[in-house]
Amino acid sequence: MGCICGFAVATGAASRLVFGYDSYGNTCGQKNSKIEGIELSGEDQTQKRFVFFLDPCNIDLVNRKIKSMALCVSKCPDTELKTYSDVKKFATANESYLCSYQVPISKYTSHADRSTLCPKLPVPASKSIPMFHRCTPVDISCYTKFAEALITFVSDNSMLHRLITGVMTSREIIMGLCVLALVLSMILMVIIRYISAVLVWILTALVVLGSLGGTGVLWWLYVDHKKSLNNLIASDEVEVAKDNVQALLVYAIAATIFTVILLLLMFFMRKRVALTIALFHVAGKVFIHLPLLVFQPFWTFLALMFFWMYWIMVLLFLGTTGHPTQNEKGLVEFKMNGPLQYMTWYHAVGLIWISEFILACQQMTVAGAVVTYYFTRQDKSKLPLTPILSSVFRLLRYHIGTVAKGSFIITLVKIPRLILMYIHNQLKGKENACARCMLKACICCLWCLEKCLNYLNQNAYAATAINSTNFCTSAKDAFVILVENALRVAAINTVGDFVLFLGKILIVSSTAFVGVLALNYQRDYTVWVLPLIIVCLFAFLVAHCFLSIYEIVVDVLFLCFAIDTKYNDGSPGKEYYMDKALMVRDHGVHFKYLFK
């Protein structure tokens, strides 16, 4: 991707993007070389720093570009010009020529081709875009075709105006609520270890009571309908009632079987549920000893933002690179030919891969810090001064290839899924039912595969942090460990994910409640919808970012725990590394690992 950026800059695409170019291939604000076969090219445009479009409202909605002729001018018209005489006066006074270069100022009002070589009247007042030197109309209503739905919505009612006004009026409250969501997320990461046991057992009780209650209601309905069957006389009613009774019997039997299986699973997995609670408790301790883990989402978000900005910049460069060619109207466009035209696709793949790479670096950093915490003996004061920085150093020095390979595998699965989603959207309403079903099935399968690989990659990074092995070896070791502890993994992922989901809901609902109370005092503004939606979305995003770090810590702790119990038994020379919260006393003397 660096080579693509260098190529775009070297071929002049960067200067054409920033300074703009006219319809004859001249870059505004600099001297230009003659382009063979194109007259009026090679002009000295040093004093003409702005791009002016003769008809800026002539927009191609399909290709998303302005179809008008473009010229380099020394000044954008700051007032509306209603006649060609006004255009002539503006050009004379400011030496800013708004008609094509071959039309002299004296011919502005009488030239035979002034309808095509001069701007469309009236010429709207415009100003230049900062940094990009394009003359843009001040009144954006000229883009009615491009924003027809929005303008219709605004003209039909004042709802959009009221919503925007409400956001601006409540901006202090919105910012305060966003900060509140941030603080609540940090607090929850510390106290969740104390409330996880309560949440888990409440969840378990609700599931058991709900399944028993539902099964009892189904059996009661079956008996009641069977008794009332004898009171029916009409034959058609009897047939319908018999069908209902038969269906209720099937439902009741299925619910009974489901309830029995569920109760058996609850009984046999009760200790594994307790393991999940213990892991949450230890994860809380990790954040106490490694408080900088809380800030990992910030660094990841900043890295993603910088990369996405760079990616968009290079993409814009690619839009103005290539060889100059004339279109059907004789205007110059820059297009890439041959193999170079595929650079945009390569750039799109780079967006997915590098984004996944940055997320994988976060997972590797967290895994390295947690592994250091876990495998430091009971005295945690022996931890390195900065475990997270040490983890980052090990990542940069030893494990960059591991992270690159893992993120590339995710990219290989994500790209076909995105392609299939694009095809599905393009063919919506045109394909037959069988093709639509097959497309959705393929998309679903690839999504499931991506999620499984994401989980395996995360554990592979933890195994790499533990054993310092390559990606393939670490993935194999992690897979074996996960298979050997399948029931524990199921308990942790189901119960643990639900606890974290409840945490997200708690943060969003608390922030929304405080938002309602705060907006209630702002009587001059009654529409609360948009401010509350913004606050709730931000609160959920923040809670997801922070609690996803908590989830990574729990998963890494479990893998460490599984490896610890596999190779150690608590005997002299093979003492456990685990926290005491993951142990139970056996006769008050020896420690056995929790719920073997």
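**A buried threonine, aromatic pairs and a pocket**

T511 sits in helix α15, which runs over residues 486-520. The model is a predicted one, and in it T511 has a relative accessible area of 0%, so this residue counts as buried. What does its side chain meet? A polar atom of the T511 side chain lies 2.7 Å from the backbone oxygen of I507. Leaving aside residues up to four places away in sequence, T511 also touches L177, A181, L184, V535 and A539.

Next come the aromatic rings. Searching the whole structure turns up nine aromatic pairs. One of them is F280 with Y550: the ring centres are 5.6 Å apart and the planes meet at 35°, so this pair is tilted, falling neither under 30 degrees (stacked) nor over 60 (edge-to-face). The pair ties together distant parts of the chain, since F280 belongs to helix α9 (residues 270-289) and Y550 to helix α16 (residues 529-567), 270 residues apart. Are these two residues buried or exposed? F280 has a relative accessible area of 2%, so F280 is buried; Y550 comes out at 0%, so Y550 is buried too.

Another tilted pair is made by Y461 and F471, with 6.4 Å from centre to centre and 50° between the planes. Here, too, distant parts of the chain are linked: Y461 is in helix α13 (residues 433-467) and F471 is in helix α14 (residues 471-484), ten residues apart. Both Y461 and F471 are buried.

How many residues line the second largest pocket? The lining has 44 residues, and L359, Q362, Q363, H544 and S548 are the ones nearest the centre.

At least two residues each come from α7 (171-229), α10 (296-319), α11 (343-374), α12 (387-426), α13, α15 and α16. The largest share, eleven residues, is supplied by α16, the helix that also holds Y550 of the aromatic pair with F280.

Key
Residues numbered from 1 in each chain as written. Predicted model: local features only at pLDDT ≥ 70, side-chain atom pairs only at ≥ 80, totals over all residues. Heavy atoms only, no water. Helix = DSSP H or I, 4+ residues; strand = E, 2+ residues; numbered from the N terminus. Buried < 20%, exposed > 50% of the residue type's maximum accessible area, 1.4 Å probe, protein only. Polar contact = N/O pair within 3.5 Å; in protein donor to acceptor, adjacent residues only side chain to side chain. Contact = heavy atoms within 4.5 Å. Phe/Tyr/Trp six-rings, centres within 6.5 Å; stacked < 30°, edge-to-face > 60°. 1 Å grid on protein atoms, 1.4 Å probe; cavity = no way out; pocket = protein on both sides within 12 Å on 5 of 7 lines; lining within 4 Å.
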